[in-house]
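Thanks for coming, everyone. Please bring the structure up on your screens.

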Amino acid sequence: MSKKYYITTPIYYVNDIPHIGHAYTTLACDVLARFHRLAGYDVKFLTGTDEHGQKVEKSAIAKGIDPQSFTDQVSESFRNLAKVMNFSNDDFIRTTAARHKAGAQALWNKLIENDEIYLGKYDGWYSVRDEAFYAESELVDGKAPTGAPVEWMEEPSYFFKLSKWQDRLLKFYEENPDFIKPASRRNEVISFVKGGLNDLSVSRTTCKWGVPVPGNEEHVMYVWLDALSNYISAIGYPDEKYKDYWPADVHVVGKDIIRFHAVYWPAFLMAANIAPPKTIMSHGWWTNDGEKISKSVGNVIDPIGLVKEFGLDQTRWFLMREVIFGNDGDFSRERMKMRINSELANKIGNLVQRTLSFVSKVCGNQGTIWVPISSTVGLEEFKDEAYKNPVLSSCMGLYEECKIAMFQQNISLVLDKIMSLVDQTNAYFNDAAPWNIDTANEFDKQQLVLYTTLELIRNIAFFLLPFMPKSANTILYHLHLIDSPEPIEDDIYFMLYSLEINIGKQGGLIPNAPLRPLTEQLFPRIQEK
Ligand code: MSP
């Protein structure tokens, strides 16, 4: 049995169509999920939509549609985004689905059984935009600390005994230093919890759009308790089979929702005798040309528009590469063009193109190109010789380093390492200058340079697979290692693309085997206007 890896995105509110922030969170998870699959893990990658609560209810009313039809439509646009962005999620959970409601209600019942919930009355501030309760002391100029408007609420409510979990949460953070990442967020959460916790209102009577509270249908469950339970309902809770994947390895979330995931969620779980997830990885926020992204400002970035304009893998690359994962980042079209041109077109695309075209010149014949071969030594010796190249022989170790980084969600470090491998390969090819080698006397030397460069490109393609699955597949297709120009995503996926098997594998390319000539540019330059 291979090791399990369970990774989740937040489930998205369906009050509006997806934007760049949503695409970003899911993309980061996709990269991590793909990497782990290719590293031999049994991966469960979950995403979905958060369809209840007052915010969604209000949006449906504003559109004059009943909430269920409204959420059906918007949820579909998130599934469509997954297709367009080439996300490899294994499941898509909707909180309006029966399997989710059953899981959420089972969690509720467990909390009741454990005497963790009691009936009382809530009077206080509530922000519909944040779907969060705020204490008077937290308000800034009459608004939520996030800037969202708040309204006074008085209604009967069930409460979760959050206050009693303060010490246990602090102990849990202490014992699990990797639970909240990055460290800056961890510190924020710890100081929030040290400040004292109030019991949490976990049901509403004024909002009807939610999962009914078992045994008291006047109430619906608070949308965050409902939503958080998706992480277990999707894998079968309360059926014991949920333990096949639980505890989750990582919940990736934006910095705005860390409190719900790092405070409320582990408290709910511990109170229900369920182990908390292993890591909450929080990422930063994108601004657009320095401005906060918001519908009212009208500067929302449509990820599908970016894919249409710049290309799929170009968009994936930019989003992952531009900002250190965990930090805030700024989107600008100029930066996006620059990155595509300088890294994808000039470095990666150009390397593949000029190598293949030079190889086709010297090892080609009537439309067929051959993997370079020695005229004097045998195959094995030739391959051994190539792997004496320090850059090529570093690939195996590099993969081990990438694994460690990916286990820690350090996506940016992996991308730095890949780009450095690309730079070293370009430098090797330039320095070795195979076009200057006198083939009448040094035929083998030139063949070895070309073979070594092709092997480096082969390794680079495997390293790129989790980030740009289609383009990496195209490279492998031209190296004649994959027969399909489109990625094959079925049962043989692992055998074909496994990083474990392929990276650093001596003689991945067999001398004298055929290659496919490149007919189109891998990453066309974006013209500056
Ligand atoms: N429904 C809740 C999550 C429930 S999880 C049990 C929610 N949904 S959301 O649609 O508002 O946001 C989902 C994610 O998108 C969050 O992680 C949020 O941080 C992320 N982003 C929304 N805008 C963003 C940016 N401008 N930049 C980066 N990510 C941002 O919260």
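**Sheets and helices, one by one**

Let's start with strands E5 and E7. E5 covers residues 117-127 and E7 covers residues 151-160; the two run antiparallel and are joined by 10 bridges. Keep in mind that this is a predicted model. To find one of those bridges, go to Ile117. Its bridge partner in E7 is Phe160.

Now widen the view. E5 and E7 belong to an open sheet of four strands, in the order E6-E5-E7-E9. The pairing is antiparallel. Which strands sit at the edges? They are E6, residues 132-134, and E9, residues 200-201. Each of these pairs on one side only.

A helix packs on this sheet. It is H9, residues 258-271, and it touches E6, E7 and E9. The direction of H9 makes about 35° with that of E7.

Strands of a sheet pair through backbone hydrogen bonds, either parallel or antiparallel.

On to another sheet. This one is open too, with three strands in the order E10-E12-E11 and antiparallel pairing. Its edge strands are E10, at 203-204, and E11, at 212-213. Each pairs on one side only.

Take the E10 side. E10 and E12 pair over two bridges, in the antiparallel sense. Look at Arg204: its bridge partner in E12 is Val220.

Now the E11 side. Two bridges join E11 to E12, residues 216-221, and these strands run antiparallel. Val213 has Asn216 of E12 as its bridge partner. Pro212 has Val220 of E12.

What do E11 and E12 form together? They form a hairpin, with two residues between the strands. Gly215 lies in the turn, and its phi is positive, about 85°.

Start with H16, residues 411-432. H16 has 22 residues. From first C-alpha to last it reaches 32 Å, close to the 32 Å expected at 1.5 Å a residue.

Two helix pairs to finish. The crossing of H10 past H12 is right-handed. Which residues make the contact? From H10 they are Leu306, Glu309 and Phe310. From H12 they are Arg333, Met336, Lys337 and Ile340. By type, the residues of this H10 and H12 contact are four nonpolar, three charged and no polar.

Look at the spacing of those residues as you turn the model. An α-helix has 3.6 residues a turn, so residues three or four places apart point the same way.

The second pair is H11, residues 312-322, with H18, residues 469-478. Here the angle is about 120°, and the axes are 8 Å apart. That angle makes H11 oblique to H18. H11 brings Leu312, Asp313 and Arg316 to the contact. H18 brings Pro469, Lys470 and Ser471. The residues of this H11 and H18 contact divide into two nonpolar, one polar and three charged.

That's my tour. Over to you for questions.

How values were computed. Residues are numbered from 1 along each chain as its sequence is written. This is a predicted model: local features need pLDDT of at least 70, side-chain atom pairs count only at pLDDT 80 or more; totals for chains, interfaces and linings use all residues. Side-chain values use heavy atoms; hydrogens and water are left out. A crossing is left-handed if the near helix is turned anticlockwise from the far one by less than a right angle, and right-handed if clockwise. Contact means heavy atoms within 4.5 Å. Ala, Val, Leu, Ile, Met, Phe, Trp, Tyr, Cys and Pro count as nonpolar, Asp, Glu, Lys and Arg as charged, and the others, Gly among them, as polar. Two strands pair if DSSP finds at least two bridges between them. The expected span of a helix is 1.5 Å times one less than its number of residues. Axes are lines fitted to C-alpha atoms, for helices over the stretch in contact, and angles run from 0 to 180 degrees between N-to-C directions. Angles under 35 degrees count as roughly parallel, over 145 as roughly antiparallel, 65 to 115 as roughly perpendicular and the rest as oblique.
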